[in-house]
Amino acid sequence: MAKVWKWALAAALVVWACAKSHVTDPGPPWVVVVPDAGPPDAGPPDSGPPDAGPDAGPDAGPTAIFGTPGPFPVANVSYGFADGIQEAPVVGVSTDEPILQADGGVAQNLWIATNSALYLVRPGEKSMLRFDERDGLHLQGNPVEYCADQYFASGDKTCRLGSAWDPGISEIVGGGPNEVFVGYWGHHDWSSPVDGEWFDIYRHTGKLDRVRIKMDSSGNPALDKAGNVMLDVARFDMVSGNSAQYWHNRTVYRMVYDHFVHKHELYVGAEHGVVKISPDLYFPPHENWPFLDNLYWMSDHLHPVTCKHQLCTGDDRKDVQMMGEWRGLALSAEGDLWVGGKWSAGKIFYAPLNSEIKADGNPDPEGSKGWFQRGGQAYDDPKTGVSYAFGNVFCGTNGVVDSWTGSGWQTGSCSPMSGTPPVFWPPAPGDPVGISAVTVTPDGKSWWASGPFGGDPAYGLASFDGHKFKYFDPINDAGMSEYIVVDMVALPDGRLVLGSQSSGLTFWDPDGKKHVSIRAGQGIPDDHIVGLELDTMVNPPALHVATRGGAAVLRVLP
C-alpha cells in the first residue's frame, strides 16, 4: 500500500469556456485554449416555432422492473464466433431496462458491439441478430447530410456528411426498455489551425446514435417484409451548447446511463468534454437551425481542467488548459457524476436543465442554470461549497511550475505535491495521468484507475473517501499480473473487478486484502479485456465483459 495524501478542501477556479483543443492521440501533447466567441446570430428567420421542444415530451413506453433475476440465465455465458459474432474485438456489452410482461414474465435485451456491428440477444432465442448501416446505424456507409451550416455567421458553410470514422463503433450502453446508445469514433486533423471549429470539415464525424427496437401494437418487435427486426435510429450530433462555432466532441470514449436516480439521463465522455443528454426529451431539431432545439435535450459540455506546467489562473486567455479523453465516468449514489480523463478529473454535480429556459419557453444559450452553463460551479458541492475539481492548482513531484507574474509566465520552484491535489501526482501539472476508469463502492468511496493509451506512464489505483486519496499498487496490492488497468467496476459486496491488457480479470477485496483471477477459458473468452460494465438492474447482478475474442456475462462470481 502506498502513501495517503490529504485533499485540500479549497475551492478551485475552473474555466468552462473552451475553444479548440488537441486532446487525444495522435496529436500534440498540449493545448492552448482561447475564449469562446459566444453564440453567433440566432439562425435563419425560419428557425422553428418557440414551442417546438416542450410539445415533444418523453415517450412513456413500458415500465421497467428492477430487482428480479431477469430473463437470462443466472450462470456464466460467453458469446463468440460460434454464436454469430462475425468480428473482433468486442468493444461493448450492455443491457437495456428489464420490463414486466403481460404474462408476468420479465423481458430484457442484451446488446453486444464490435467496431462494425451491433448484436442483439433476446431471451430464449437461439441466434443473435446483427445490425449495421443497412439497418440504420450511422456507420461509415450510412452518413447523414447536414446543411444547416449554411446559416453559420462564419465558417465552412458547405453541406457536410456525418457518420462514424474508422474503426467505427467505440462504445455502447443500454438505455430504457428496448433501447441502446451506440458511440462512434470521430476524426480530427490535429495539424489544422481550425480543428474543432466551424471551419473544420470533419466536425460532423463520429458522435452517437440512439437505437430503439420498433414495436408493433401488441408489444412485440416490428418486422419488415423479410421478417427482420426493425430499428428506429436517431443520430445525436454533439455541438457546443453556447456557440455553433465549436465542435469539440465527436469520439465517444465512455457512456453511462442513469437508471435509478435522475432516471434516463445519459452522460457521454468524449475527447474534449463531457456531455449530458436527456434522450426522452429528444425530438428532431429544426433542419435549418438545430442548435436552439438541441438545448432542450443536450447539454454540451463540461470538463475539469489542469494547466500545462502552470498554476492555473482561471483566465483561459492565459492558461494552457489540459483536458480530454474522458474514459472514466461513474455515477455516485446521489446521481452526481465522477469524471476522469487523460489529464484531469473531478465531480460534476447534477442539474436537471440542459439549458436555462427563457420566459417565452425557448432555451437561452447564454444562460447560467443549464447543466453545462454553470461553469466552474458545476464542481462545487451545493451543500458545502467544496470544489471537487481535482488538481486545478498544484505543484507536481518535480517541484517546478510556471506562475503568472501579471505580465507573463515565470518558471520557479514550488513545494512538491502541494496545492489542490490531483487524483494521481505527475511530475508537473498538465502531464498525462491516463485515467481509464472510475467506479464507486457501496461505502461511497470513488476508485480511480490509471491505464493510459500509448507510452504515457501508468499510476496504478487510488481511492477517495471525500477527504483524502489513498494509493494502491495493482500488482503488489490488488494481485494483478500487470500494472495497467484497462477498466474497473465495483461490485455490491465492495470488491473491485479489474480488467487487464493480457491477463484477464482480477477480483480484489481492498478491505480483506484478498484477490482471485479469472483467465481465458474460465468464463471469459479472451485475456485481453476491452471494457467492463455491471448491470445492477437484475439480482444477482450481471458483469458484462468485452474482450478481444468475444463477450461474456458473468453472474456466478468467484
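**Entry 1: lining of the largest cavity**

I sorted the residues lining the largest cavity and found 11 nonpolar, 4 polar and 2 charged. For this sorting, Ala, Val, Leu, Ile, Met, Phe, Trp, Tyr, Cys and Pro count as nonpolar, Asp, Glu, Lys and Arg as charged, and the others, Gly among them, as polar. I note that the model is a predicted one, in which local features need pLDDT of at least 70 and side-chain atom pairs count only at pLDDT 80 or more, while totals for chains, interfaces and linings use all residues. Residues are numbered from 1 along each chain as its sequence is written, and side-chain values use heavy atoms, with hydrogens and water left out.

The lining comprises 17 residues, and F72, T95, A542, V553 and R555 are those nearest the centre of the largest cavity. I then looked up which strands contribute: β2 (77–79) and β40 (542–547) each supply at least two lining residues. Strands (E, at least two residues) are DSSP runs, as are helices (H or I, at least four residues), and both are numbered from the N terminus.

**Entry 2: cavity volumes**

I recorded a volume of about 120 Å³ for the largest cavity. The structure holds 4 cavities of 30 Å³ or more. A cavity here is a set of points, on a 1 Å grid over the protein atoms alone, where a 1.4 Å probe fits but cannot get out; lining residues have an atom within 4 Å of a point. Grid points are joined across faces, edges and corners, and a volume is the space filled by probe spheres set on the points.

The second largest cavity holds about 40 Å³ of space. I listed its lining as W343, S344, A345, F390, P422, V423, F424, V433 and I435. These residues of the second largest cavity divide into 8 nonpolar, 1 polar and no charged.

**Entry 3: disulfides**

I found 3 disulfides, each a pair of cysteine sulfur atoms within 2.5 Å. With the bonded cysteines of the protein chain numbered in sequence order, the pairing reads 1-2, 3-4, 5-6.

C147 and C159 are joined with their sulfur atoms 2.0 Å apart. The torsion about this S-S bond of C147 and C159 is about 125 degrees, so the disulfide is right-handed. Both cysteines, C147 and C159, sit in the loop between β9 (144–146) and β10 (160–162), 12 residues apart. C147 is partly exposed at a relative accessible area of 24%, and C159 is partly exposed at 32%. The cut-offs are under 20% relative accessible area for buried, over 50% for exposed, and in between for partly exposed (1.4 Å probe, protein chains only).

C307 and C312 form a disulfide with a sulfur separation of 2.0 Å. I recorded 120 degrees about the S-S bond of C307 and C312, a right-handed link. Both C307 and C312 are buried.

For C395 and C414, the sulfur atoms lie 1.9 Å apart. The torsion about the S-S bond of C395 and C414 is about 70 degrees, so this disulfide is also right-handed. The pair links distant parts of the chain, 19 residues apart: C395 is in strand β27 (residues 394–395), and C414 is in the loop between β29 (409–413) and β30 (418–419). C395 is buried, with a relative accessible area of 2%.

**Entry 4: salt bridges**

I counted 23 salt bridges, taking each as a side-chain nitrogen of Lys or Arg within 4 Å of a carboxyl oxygen of Asp or Glu.

E125 and R122 meet through their side chains at 3.5 Å, N to O. E125 is partly exposed at 42% relative accessibility, whereas R122 is buried at 17%.

D200 and R250 form a salt bridge at 3.0 Å, N to O. These partners lie 50 residues apart, D200 in the loop between β12 (179–184) and β13 (208–213) and R250 in the loop between β14 (231–236) and β15 (252–258). D200 and R250 are both buried.

K342 pairs with D456, the closest N and O atoms being 3.4 Å apart. The two are 114 residues apart, with K342 in the loop between β22 (337–340) and β23 (345–348) and D456 in the loop between β32 (446–450) and β33 (461–464). K342 is buried at a relative accessible area of 8%, while D456 is partly exposed at 22%.

Key: 1 Å grid on protein atoms, 1.4 Å probe; cavity = no way out; pocket = protein on both sides within 12 Å on 5 of 7 lines; lining within 4 Å.
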